[in-house]
Amino acid sequence: MTNYRGAPPPEDPPHRRSRLVIGNWKMNPAQLPEATALARAATGLGSAAVTVGVAPPAAWLIPVADSLRGSDVLLFGQDVHWEEKGAFTGQVSAPMLVGVANGTIVGHSEVRRDQGDDDARVARKAAAALRSGLRVVYCLGESLEERQRGETDAVIARQVREGLGAIEKDLLSALDGTWRLAVAYEPIWAIGSGVPASGAQVSEAIATLRAELGRVGVDGEAVSVLYGGSVSASSVAEFAGADGVDGALVGGASLKADEFAAIVRAFR
Ligand code: PGA
């Protein structure tokens, strides 16, 4: 397939589990020149060991795709609708993203919060994206209250069962050795708080996550799992070396080119 960049989408090396570092820019930056500069700064950061991606706001996707033309940086949407087209004001469909981006994030806690997405709806979004040939970064994670009540494992189990478990299995499996699905464990209390989870907390949650994937018929050992939540240049070593962590979904720190580069380097 030829994409908007006029070249086949970059393919990852055939690792069993890809190491990925993806910048989730959220509703930033405010000005387009900053967005294209940030995208250009991400080119050349990837290596045989780690794949780099960026997820700009929808309005910046096409100019950022232009800036990334011919590079090895993967481009992601931040969300996608489950329908292909129709009367869904403000939404972007998976077929619309195809040819512009390589994939999309779904299930981010800010989208769940602001748009009322539940696990079933996130599953429909992921399935639509996968069916269109997009890669999916599927976010899940518990709130502070849920962790304090000791419900972290139960929440992860529910999110896997009612979300990922509802997606046809053939859509979830790797295609020709290339990943189609990555899961981002993002405890809500760690996002944007400046207080990341500890490496031990993340490893424990990811072990639970992989076991739950197995219960819904997905080979958890074959799925890349990223950690997200206040990852910074100073905190990244905690996760880069933690058991089960294959990369990071980076919010605030991905808006600073130098800091994002340092985070990518930690996974090389
Ligand atoms: P943060 O965001 O790095 O700013 O905490 C991460 C995310 O929301 O994906």
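**Salt bridges and ligand contacts in a predicted model**

Biologist: With which residue does Glu-142 form a salt bridge?
Modeller: In this predicted model, the closest N and O atoms of the pair are 2.8 Å apart. That separation falls within the 4 Å limit for a salt bridge. The partner of Glu-142 is Arg-147.

Biologist: Is Glu-142 buried or exposed?
Modeller: A residue counts as buried when its relative accessible area is under 20%. Glu-142 has a relative accessible area of 0%, so the residue is buried.

Biologist: How many salt bridges does a search of the whole structure find?
Modeller: Side chains of opposite charge can pair when their charged atoms come close. Some of the residues involved are linked in a network, namely Arg-17, Arg-210, Glu-221 and Asp-246. For the whole structure, the number of salt bridges found is 18.

Biologist: How many residues apart are Lys-26 and Glu-110?
Modeller: These two residues form a salt bridge, with their closest N and O atoms 2.9 Å apart. Lys-26 sits in the loop between strand 1 (20–24) and helix 1 (32–42), whereas Glu-110 belongs to helix 4 (residues 109–115). The pair thus links distant parts of the chain, and the separation in residues is 84.

Biologist: Which parts of the structure hold Glu-168 and Arg-131?
Modeller: Glu-168 forms a salt bridge with Arg-131, the closest N and O atoms lying 3.4 Å apart. The pair ties together parts that are 37 residues apart in sequence, because Glu-168 lies in the loop between helix 7 (152–162) and helix 8 (169–172) and Arg-131 in helix 5 (residues 119–131).

Biologist: What share of the area that the ligand exposes when taken alone does the protein bury?
Modeller: An oxygen atom of the ligand is 2.7 Å from an N or O atom in the side chain of Lys-26, and an oxygen atom of the ligand is 2.6 Å from an N or O atom in the side chain of His-108. Taken alone, the ligand exposes 280 Å², and the share buried by the protein is 95%.

Biologist: How many residues of the shell around the ligand are charged?
Modeller: The ligand is surrounded by 13 residues, with Lys-26, His-108, Glu-186, Gly-192 and Ser-230 the closest. Four residues of the shell are nonpolar and seven are polar. The number of charged residues is two.

Biologist: Is Lys-125 buried or exposed?
Modeller: Lys-125 lies in helix 5. Leaving aside neighbours within four places in sequence, its contacts include Asp-79, Trp-82 and Asp-117. With 1% relative accessibility, against a cut-off of under 20%, Lys-125 counts as buried.

Biologist: What distance separates the C-alpha atoms of Leu-38 and Arg-161?
Modeller: Leu-38 is found in helix 1 and, with a relative accessible area of 12%, is buried. Not counting residues up to four places away in sequence, Leu-38 touches Trp-25, Ser-254, Leu-255, Lys-256 and Ala-257. Arg-161 is 123 residues apart from Leu-38 along the chain, and the C-alpha separation is 37 Å.

Terms used:
Residues numbered from 1 in each chain as written. Predicted model: local features only at pLDDT ≥ 70, side-chain atom pairs only at ≥ 80, totals over all residues. Heavy atoms only, no water. Salt bridge = Lys/Arg side-chain N within 4 Å of Asp/Glu carboxyl O. Helix = DSSP H or I, 4+ residues; strand = E, 2+ residues; numbered from the N terminus. Buried < 20%, exposed > 50% of the residue type's maximum accessible area, 1.4 Å probe, protein only. Near = heavy atom within 4 Å. Polar contact = N/O pair within 3.5 Å; in protein donor to acceptor, adjacent residues only side chain to side chain. Areas by Shrake-Rupley, 256 points an atom, 1.4 Å probe, with all protein chains shown as cover. Nonpolar A, V, L, I, M, F, W, Y, C, P; charged D, E, K, R; others polar. Contact = heavy atoms within 4.5 Å.
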